[in-house]
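Morning, everyone. Let me put a structure on the screen, and then we'll walk through a few of its details.

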Amino acid sequence: MNRDELLLRGADDFVRLDSLCSDLLQEFAAWLRDHQGRTPLEAGGLAHQADRYLRDFVVDCKETGPADEDPTLVRQYLANWYIVHTLYPTHDEIDRIREALVLLYRFLMDRGVVGEAACRAAEAALADAGYFHARLEAFWNLTPEEIDPWRAQDDYRRRRQG
């Protein structure tokens, strides 16, 4: 797959890109097994965590694709979208998602889908587990007047300019 294939080309392109992302996630699971020494169970679990990020968030919500090098995507996902769109988000799952996304971006870099700078930016954005845990705790303790300020931080609902 080349980089341009992994970007959304318009409103009628979701099915094509979703299918490519499914193929890419299969390759990711194989890469985890073959090149990262993960067991099939571990690789499948990490690919599952990456699946929700890629297909539900990046493609469906943000209307882009895995080749998008926007450094804010991982934080928008894990610090906001995941928490709001998960019935019972947990600290353990946050940690598994962080690990999966770091590995996903290394895989994407290895395949030439994203550049080294995008991979390093994703790793840096995901480095502070405490930040994501604090976001989850703050979410559980929200009062009605705190909802808008909480949502504004790493807000996935904002569209990029340009």
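Where does D154 lie? Look at the segment after α7, which covers 147-152. D154 is in that segment. Before I go on, please note that this is a predicted model.

Now, backbone angles. Most residues other than glycine have a negative phi.

Is D154 buried or exposed? Its relative accessibility is 15%. The cut-off for buried is under 20%, so D154 counts as buried.

E63 is another residue to look at. E63 also has a positive phi of about 55°, and E63 is not a glycine either. Find E63 in the loop between α2, residues 40-61, and α3. What about its surroundings? E63 has 46% relative accessibility, so it counts as partly exposed.

Next, helix packing. Two packed helices are described by the angle between their axes and the distance between the axes.

Start with α1, residues 14-36, and α2. Their axes cross at roughly 155° and come within 9 Å. Over 145 degrees counts as roughly antiparallel, so that is how α1 and α2 run relative to each other. The crossing is right-handed.

Which residues make this contact? On the α1 side, they include F14, L17, C21, L24, L25, F28 and L32. On the α2 side, they include P40, A43, L46, A47, A50, L54 and V59. By class, the α1 and α2 contact has 15 nonpolar, one polar and five charged residues.

Now the other pair. Helix α3 spans residues 73-84, and helix α6 spans residues 129-140. How do they pack? The angle is about 25°, and the axes are 10 Å apart. Angles under 35 degrees count as roughly parallel, so α3 is roughly parallel to α6. This crossing is right-handed too.

Who meets whom here? From α3 we have R75, L78, A79, N80, I83 and V84. From α6 we have Y131, F132, R135, L136 and F139. Sorted by class, that contact has eight nonpolar, one polar and two charged residues.

To recap: α1 and α2 are roughly antiparallel, while α3 is roughly parallel to α6. D154 counts as buried, and E63 as partly exposed. Thanks, that's my part.

Conventions: Residues are numbered from 1 along each chain as its sequence is written. This is a predicted model: local features need pLDDT of at least 70, side-chain atom pairs count only at pLDDT 80 or more; totals for chains, interfaces and linings use all residues. Side-chain values use heavy atoms; hydrogens and water are left out. Axes are lines fitted to C-alpha atoms, for helices over the stretch in contact, and angles run from 0 to 180 degrees between N-to-C directions. Helices (H or I, at least four residues) and strands (E, at least two) are DSSP runs, numbered from the N terminus. Angles under 35 degrees count as roughly parallel, over 145 as roughly antiparallel, 65 to 115 as roughly perpendicular and the rest as oblique. A crossing is left-handed if the near helix is turned anticlockwise from the far one by less than a right angle, and right-handed if clockwise. Contact means heavy atoms within 4.5 Å. Ala, Val, Leu, Ile, Met, Phe, Trp, Tyr, Cys and Pro count as nonpolar, Asp, Glu, Lys and Arg as charged, and the others, Gly among them, as polar. Buried means under 20% relative accessible area, exposed over 50%, partly exposed in between (1.4 Å probe, protein chains only).
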